[in-house]
Amino acid sequence: MIHVSATPVLALRGVSKRFGAVQALTDVELEVHPGEVVALVGDNGAGKSTLVKAIAGVSPADEGRVEWNGDPVSIDKPHDAQELGIATVYQDLALCDNLDVVGNLFLGNELKSGGILDEVEMERRSRELLSTLSIRIPSVRIPVASLSGGQRQTVAIARSLLGEPRVVILDEPTAALGVEQTAQVLDLVERLRERELGVLLISHNMADVRAVSDRVAVLRLGRNNGTFTVSETSQEEIVSAITGATDNVVTRRNARTAQQASTTEVRK
Ligand SMILES: Nc1ncnc2c1ncn2[C@@H]1O[C@H](COP(=O)(O)OP(=O)(O)OP(=O)(O)O)[C@@H](O)[C@H]1O
Ligand SMILES: [Mg+2]
(Lines give C-alpha, C1' and ligand atoms only; values in the text may rest on other atoms or scores of the structure.)
(Ligands and ions follow the chains in the order given, each with its own letter.)
Protein backbone atom coordinates (compact mmCIF):
# COMPACT_ATOMS: atom_id res chain seq x y z
CA MET A 1 0.00 0.00 0.00
CA ILE A 2 1.19 3.51 -0.73
CA HIS A 3 1.60 5.96 2.14
CA VAL A 4 -1.25 8.20 3.20
CA SER A 5 0.55 10.82 5.26
CA ALA A 6 1.14 14.10 3.42
CA THR A 7 4.06 15.30 5.55
CA PRO A 8 7.22 13.30 5.10
CA VAL A 9 8.75 12.10 8.35
CA LEU A 10 12.16 12.77 6.79
CA ALA A 11 12.97 15.22 4.02
CA LEU A 12 16.27 16.40 2.57
CA ARG A 13 16.28 19.77 0.85
CA GLY A 14 19.15 20.83 -1.36
CA VAL A 15 21.76 18.68 0.30
CA SER A 16 25.32 19.04 -1.02
CA LYS A 17 28.56 17.47 0.09
CA ARG A 18 32.10 17.82 -1.18
CA PHE A 19 35.22 15.78 -0.47
CA GLY A 20 38.15 17.90 -1.62
CA ALA A 21 37.86 18.00 -5.39
CA VAL A 22 34.97 15.51 -5.49
CA GLN A 23 31.47 16.94 -5.42
CA ALA A 24 29.78 13.83 -3.98
CA LEU A 25 26.27 15.33 -3.63
CA THR A 26 24.72 18.33 -5.35
CA ASP A 27 21.35 19.78 -4.32
CA VAL A 28 19.81 16.44 -3.42
CA GLU A 29 16.13 16.24 -2.48
CA LEU A 30 14.60 13.20 -0.84
CA GLU A 31 11.39 12.45 1.06
CA VAL A 32 10.39 9.45 3.13
CA HIS A 33 6.84 9.18 4.50
CA PRO A 34 5.62 7.09 7.42
CA GLY A 35 4.68 3.63 6.16
CA GLU A 36 6.63 4.11 2.97
CA VAL A 37 9.60 2.17 1.58
CA VAL A 38 11.81 4.35 -0.58
CA ALA A 39 14.62 2.68 -2.49
CA LEU A 40 17.76 4.73 -3.07
CA VAL A 41 19.53 3.48 -6.16
CA GLY A 42 22.39 4.57 -8.37
CA ASP A 43 25.61 3.34 -9.86
CA ASN A 44 28.83 2.91 -7.89
CA GLY A 45 29.98 6.30 -6.72
CA ALA A 46 26.56 7.91 -7.27
CA GLY A 47 26.53 9.22 -3.71
CA LYS A 48 24.20 6.78 -1.90
CA SER A 49 26.48 6.02 1.03
CA THR A 50 27.44 9.68 1.31
CA LEU A 51 23.75 10.56 1.57
CA VAL A 52 23.14 7.87 4.19
CA LYS A 53 26.10 9.10 6.23
CA ALA A 54 24.74 12.64 6.09
CA ILE A 55 21.32 11.50 7.33
CA ALA A 56 22.88 9.31 10.02
CA GLY A 57 25.09 12.17 11.23
CA VAL A 58 28.27 10.20 10.54
CA SER A 59 29.47 12.73 7.99
CA PRO A 60 27.16 15.77 7.91
CA ALA A 61 26.31 17.58 4.67
CA ASP A 62 27.97 20.89 3.78
CA GLU A 63 24.79 22.53 2.57
CA GLY A 64 21.06 22.00 2.60
CA ARG A 65 18.54 21.16 5.29
CA VAL A 66 17.02 18.14 6.90
CA GLU A 67 13.36 18.29 7.91
CA TRP A 68 11.80 15.97 10.45
CA ASN A 69 7.99 15.87 10.34
CA GLY A 70 8.19 19.15 8.46
CA ASP A 71 10.47 20.97 10.92
CA PRO A 72 14.08 21.85 10.19
CA VAL A 73 16.54 19.92 12.35
CA SER A 74 20.30 19.65 12.46
CA ILE A 75 22.04 16.32 12.38
CA ASP A 76 25.69 16.95 13.23
CA LYS A 77 26.55 13.64 14.88
CA PRO A 78 25.15 10.08 15.04
CA HIS A 79 23.53 10.81 18.41
CA ASP A 80 21.39 13.58 16.81
CA ALA A 81 20.02 11.11 14.27
CA GLN A 82 19.30 8.51 16.97
CA GLU A 83 17.54 11.09 19.16
CA LEU A 84 15.26 12.02 16.28
CA GLY A 85 14.43 8.38 15.60
CA ILE A 86 16.65 7.46 12.68
CA ALA A 87 18.21 3.99 12.85
CA THR A 88 20.82 2.87 10.34
CA VAL A 89 21.75 -0.72 9.64
CA TYR A 90 25.10 -0.78 7.88
CA GLN A 91 26.15 -3.46 5.48
CA ASP A 92 28.89 -4.84 7.71
CA LEU A 93 26.21 -5.48 10.36
CA ALA A 94 28.53 -5.13 13.36
CA LEU A 95 27.15 -8.17 15.15
CA CYS A 96 29.31 -9.98 17.71
CA ASP A 97 29.70 -13.53 16.45
CA ASN A 98 30.47 -15.04 19.82
CA LEU A 99 27.41 -13.54 21.53
CA ASP A 100 23.98 -15.10 21.27
CA VAL A 101 20.95 -13.36 19.74
CA VAL A 102 19.87 -11.81 23.05
CA GLY A 103 23.42 -10.55 23.69
CA ASN A 104 23.52 -8.93 20.27
CA LEU A 105 20.08 -7.36 20.49
CA PHE A 106 20.93 -5.67 23.79
CA LEU A 107 24.62 -5.03 23.13
CA GLY A 108 25.42 -1.64 24.66
CA ASN A 109 21.87 -1.33 26.01
CA GLU A 110 21.87 -4.21 28.48
CA LEU A 111 19.00 -4.37 30.95
CA LYS A 112 20.01 -4.56 34.57
CA SER A 113 18.19 -5.35 37.74
CA GLY A 114 19.87 -4.58 41.06
CA GLY A 115 23.18 -3.96 39.31
CA ILE A 116 23.32 -7.32 37.53
CA LEU A 117 22.29 -8.25 34.01
CA ASP A 118 18.63 -9.13 33.77
CA GLU A 119 19.02 -12.05 31.38
CA VAL A 120 15.46 -13.28 31.90
CA GLU A 121 13.91 -9.95 30.93
CA MET A 122 16.27 -9.46 27.97
CA GLU A 123 15.42 -12.92 26.71
CA ARG A 124 11.70 -12.28 27.14
CA ARG A 125 11.90 -8.99 25.22
CA SER A 126 14.05 -10.58 22.54
CA ARG A 127 11.47 -13.30 21.92
CA GLU A 128 8.70 -10.73 21.91
CA LEU A 129 10.50 -8.48 19.43
CA LEU A 130 11.38 -11.33 17.07
CA SER A 131 7.88 -12.70 17.23
CA THR A 132 6.16 -9.36 16.50
CA LEU A 133 8.41 -9.14 13.46
CA SER A 134 7.69 -12.77 12.50
CA ILE A 135 11.43 -13.49 12.56
CA ARG A 136 12.10 -17.20 12.88
CA ILE A 137 15.33 -18.16 14.58
CA PRO A 138 16.07 -21.61 16.05
CA SER A 139 16.93 -20.20 19.48
CA VAL A 140 17.68 -16.76 20.92
CA ARG A 141 20.43 -18.44 22.95
CA ILE A 142 22.67 -19.55 20.09
CA PRO A 143 25.70 -17.52 18.99
CA VAL A 144 24.89 -15.43 15.92
CA ALA A 145 27.89 -17.06 14.20
CA SER A 146 25.73 -20.14 13.69
CA LEU A 147 22.89 -18.22 12.00
CA SER A 148 22.43 -17.92 8.25
CA GLY A 149 23.25 -14.62 6.54
CA GLY A 150 19.56 -13.81 6.26
CA GLN A 151 18.93 -14.55 9.92
CA ARG A 152 21.91 -12.40 10.90
CA GLN A 153 20.56 -9.55 8.81
CA THR A 154 17.13 -9.82 10.42
CA VAL A 155 18.77 -9.78 13.88
CA ALA A 156 20.70 -6.63 12.92
CA ILE A 157 17.49 -4.97 11.72
CA ALA A 158 15.59 -6.09 14.82
CA ARG A 159 18.30 -4.59 16.99
CA SER A 160 17.91 -1.22 15.29
CA LEU A 161 14.21 -1.27 16.26
CA LEU A 162 14.84 -1.45 20.01
CA GLY A 163 15.30 2.33 20.10
CA GLU A 164 11.82 2.67 18.54
CA PRO A 165 12.91 4.64 15.48
CA ARG A 166 10.52 6.26 13.00
CA VAL A 167 12.88 5.85 10.05
CA VAL A 168 15.12 2.88 9.32
CA ILE A 169 17.92 3.06 6.77
CA LEU A 170 19.06 -0.26 5.37
CA ASP A 171 22.32 -0.24 3.44
CA GLU A 172 22.34 -3.14 0.96
CA PRO A 173 20.56 -5.53 3.32
CA THR A 174 20.34 -8.35 0.79
CA ALA A 175 23.69 -7.93 -1.01
CA ALA A 176 25.26 -11.09 0.38
CA LEU A 177 22.15 -13.24 0.60
CA GLY A 178 20.64 -16.14 -1.31
CA VAL A 179 17.08 -16.28 -2.62
CA GLU A 180 15.43 -17.70 0.50
CA GLN A 181 17.34 -15.40 2.85
CA THR A 182 16.59 -12.37 0.70
CA ALA A 183 12.89 -13.22 0.91
CA GLN A 184 13.16 -13.27 4.72
CA VAL A 185 14.71 -9.82 4.79
CA LEU A 186 12.20 -8.39 2.31
CA ASP A 187 9.37 -9.82 4.43
CA LEU A 188 10.83 -7.98 7.37
CA VAL A 189 10.93 -4.74 5.38
CA GLU A 190 7.20 -5.19 4.79
CA ARG A 191 6.67 -5.65 8.54
CA LEU A 192 8.46 -2.31 9.10
CA ARG A 193 6.14 -0.62 6.63
CA GLU A 194 3.10 -2.13 8.36
CA ARG A 195 4.37 -0.59 11.59
CA GLU A 196 4.25 2.82 9.85
CA LEU A 197 8.00 3.23 9.83
CA GLY A 198 9.64 5.05 6.96
CA VAL A 199 12.24 2.85 5.29
CA LEU A 200 15.12 3.99 3.11
CA LEU A 201 16.50 0.95 1.30
CA ILE A 202 19.83 1.19 -0.50
CA SER A 203 20.10 -1.56 -3.06
CA HIS A 204 21.68 -2.54 -6.34
CA ASN A 205 19.20 -5.34 -6.81
CA MET A 206 16.38 -4.19 -9.07
CA ALA A 207 14.23 -7.25 -8.29
CA ASP A 208 14.37 -6.48 -4.55
CA VAL A 209 13.70 -2.82 -5.18
CA ARG A 210 10.65 -3.62 -7.26
CA ALA A 211 9.42 -6.27 -4.85
CA VAL A 212 9.34 -4.13 -1.78
CA SER A 213 9.54 -0.38 -2.48
CA ASP A 214 6.79 2.12 -3.04
CA ARG A 215 9.06 4.69 -4.65
CA VAL A 216 12.55 4.68 -6.11
CA ALA A 217 14.86 7.68 -5.88
CA VAL A 218 17.70 7.60 -8.39
CA LEU A 219 21.01 9.31 -7.78
CA ARG A 220 23.37 9.84 -10.66
CA LEU A 221 26.75 11.52 -10.25
CA GLY A 222 25.61 12.95 -6.94
CA ARG A 223 22.38 14.50 -8.25
CA ASN A 224 18.74 13.47 -8.28
CA ASN A 225 17.94 11.76 -11.54
CA GLY A 226 14.28 11.01 -11.06
CA THR A 227 11.92 9.65 -8.43
CA PHE A 228 9.57 6.94 -9.58
CA THR A 229 6.44 5.26 -8.25
CA VAL A 230 7.33 1.61 -8.59
CA SER A 231 3.87 0.39 -9.58
CA GLU A 232 3.78 2.84 -12.49
CA THR A 233 7.35 2.49 -13.76
CA SER A 234 9.09 -0.14 -15.84
CA GLN A 235 12.44 -1.56 -14.86
CA GLU A 236 13.92 -0.11 -18.06
CA GLU A 237 12.92 3.40 -17.05
CA ILE A 238 14.65 3.03 -13.71
CA VAL A 239 17.76 1.49 -15.25
CA SER A 240 17.89 4.32 -17.78
CA ALA A 241 17.77 6.86 -14.98
CA ILE A 242 20.59 5.05 -13.19
CA THR A 243 22.85 4.85 -16.23
CA GLY A 244 21.76 8.20 -17.64
CA ALA A 245 20.99 6.63 -20.97
CA THR A 246 17.73 5.85 -22.66
CA ASP A 247 19.69 3.56 -24.93
CA ASN A 248 21.72 0.97 -23.07
CA VAL A 249 22.42 -2.75 -22.99
CA VAL A 250 19.36 -3.54 -20.91
CA THR A 251 16.88 -1.51 -22.96
CA ARG A 252 18.37 -2.87 -26.20
CA ARG A 253 18.13 -6.44 -24.99
CA ASN A 254 14.53 -5.87 -23.88
CA ALA A 255 13.63 -4.23 -27.16
CA ARG A 256 15.13 -7.21 -28.99
CA THR A 257 13.22 -9.71 -26.84
CA ALA A 258 9.99 -7.77 -27.34
CA GLN A 259 10.59 -7.71 -31.07
CA GLN A 260 11.28 -11.46 -31.15
CA ALA A 261 8.16 -12.08 -29.10
CA SER A 262 5.99 -10.11 -31.51
CA THR A 263 7.53 -11.85 -34.56
CA THR A 264 6.77 -15.21 -32.97
CA GLU A 265 3.26 -13.96 -32.32
CA VAL A 266 2.78 -13.05 -35.99
CA ARG A 267 4.11 -16.39 -37.22
CA LYS A 268 1.64 -18.39 -35.16
N1 LIG B 1 35.53 9.94 2.59
C2 LIG B 1 35.63 10.25 1.29
N3 LIG B 1 36.67 10.98 0.83
C4 LIG B 1 36.76 11.32 -0.46
N5 LIG B 1 35.85 11.00 -1.39
C6 LIG B 1 34.80 10.28 -1.00
C7 LIG B 1 34.63 9.86 0.36
N8 LIG B 1 33.48 9.17 0.45
C9 LIG B 1 32.96 9.14 -0.79
N10 LIG B 1 33.75 9.81 -1.67
C11 LIG B 1 33.46 10.01 -3.10
O12 LIG B 1 32.14 10.48 -3.23
C13 LIG B 1 31.49 9.88 -4.33
C14 LIG B 1 30.23 9.16 -3.87
O15 LIG B 1 30.61 8.02 -3.15
P16 LIG B 1 29.57 7.08 -2.37
O17 LIG B 1 30.36 6.15 -1.54
O18 LIG B 1 28.57 7.92 -1.72
O19 LIG B 1 28.89 6.30 -3.59
P20 LIG B 1 27.83 5.10 -3.57
O21 LIG B 1 26.67 5.55 -4.36
O22 LIG B 1 27.59 4.69 -2.17
O23 LIG B 1 28.61 3.96 -4.37
P24 LIG B 1 28.61 2.36 -4.18
O25 LIG B 1 27.40 1.85 -4.89
O26 LIG B 1 29.86 1.94 -4.86
O27 LIG B 1 28.61 2.05 -2.73
C28 LIG B 1 32.52 8.98 -4.98
O29 LIG B 1 33.12 9.68 -6.03
C30 LIG B 1 33.50 8.71 -3.86
O31 LIG B 1 34.77 8.45 -4.38
MG1 LIG C 1 27.96 2.92 -1.12
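This report describes the secondary structure, sheets, helices and ligand shell of a predicted model.

## Basis and overall content

Residues are numbered from 1 along each chain as its sequence is written, while chains are lettered from A and ligands numbered from 1 in the order in which they are written. Because the model is predicted, local features need pLDDT of at least 70 and side-chain atom pairs count only at pLDDT 80 or more, whereas totals for chains, interfaces and linings use all residues.

The protein has nine helices and 12 strands; helices (H or I, at least four residues) and strands (E, at least two) are DSSP runs, numbered from the N terminus. Of its 268 residues, 37% count as buried. A residue is buried if 20 or more other C-beta atoms lie within 10 Å of its own, exposed if 12 or fewer, and partly exposed in between, with C-beta atoms placed from the backbone. Among contacts in the protein with a separation of 6 or more, 66% join residues 24 or more positions apart; two residues are in contact if their C-beta atoms, placed from the backbone, lie within 7 Å.

## The four-stranded sheet

An open sheet is built from four strands in the order β2-β1-β4-β5, with antiparallel pairing. Two strands pair if DSSP finds at least two bridges between them. The edges are β2 and β5 (71-73), each of which pairs on one side only. On average, neighbouring strands of this sheet are turned by 30 degrees against each other, direction ignored. Axes are lines fitted to C-alpha atoms, for helices over the stretch in contact, and angles run from 0 to 180 degrees between N-to-C directions.

Three bridges link β4 (residues 63-68) to β5 in the antiparallel sense, and Val66 has Val73 of β5 as its bridge partner. Helix α1 lies across β1 (10-19) and β2, at about 65 degrees to β2.

## The six-stranded sheet

Six strands form an open sheet of mixed pairing, in the order β6-β9-β10-β3-β11-β12. At the edges stand β6 and β12 (223-229); each has a single partner strand, so one side of each is left without a neighbour in the sheet.

Strands β3 and β10 run parallel and are joined by four bridges, with Val37 partnered by Val199 in β10. Helix α5 packs on the sheet, touching β6 and β9, and its direction makes about 165 degrees with that of β6. Strand β6 in turn pairs with β9 in the parallel sense over four bridges, where Ala87 has Val168 of β9 as its bridge partner. In β6 (residues 86-89), Ile86 and Thr88 point one way and Ala87 and Val89 the other way, and all are buried.

Helix α6 (residues 179-194) lies across β3, β9 and β10, running at about 150 degrees to β10. Its 16 residues reach 23 Å from first C-alpha to last, close to the 22 Å expected at 1.5 Å a residue; the expected span is 1.5 Å times one less than the number of residues. The buried residues of α6 are Thr182, Gln184, Val185, Leu186, Leu188, Val189, Leu192 and Arg193. They pack against β3 (37-41), α5 (149-161), β9 (167-171), β10 (198-202) and α7 (206-212). Just after α6, Glu196 has a positive phi of about 70 degrees.

The end C-alpha atoms of α4 are 20 Å apart, which agrees with the 20 Å that its 14 residues should span at 1.5 Å a residue. Helix α4 (residues 119-132) contains Glu121, which counts as partly exposed because it has 13 C-beta neighbours inside 10 Å. Not counting residues up to four places away in sequence, Glu121 touches Leu111 and Ser113. Leu111 is 10 residues from Glu121 in sequence and 7.5 Å from it in space, C-alpha to C-alpha. After α4 comes Ser134, with a positive phi near 55 degrees.

## The shell around ligand 1

The residues around ligand 1 are Phe19, Val22, Ala24, Gly42, Asn44, Gly45, Ala46, Gly47, Lys48, Ser49 and Thr50, where a residue is near a molecule if its C-beta atom, placed from the backbone, lies within 6 Å of it. Strand β2 (22-32) and helix α1 (48-56) are the elements that give two or more residues to this shell. The largest share, three residues, comes from α1.

By class, the shell has four nonpolar, six polar and one charged residues. Ala, Val, Leu, Ile, Met, Phe, Trp, Tyr, Cys and Pro count as nonpolar, Asp, Glu, Lys and Arg as charged, and the others, Gly among them, as polar.
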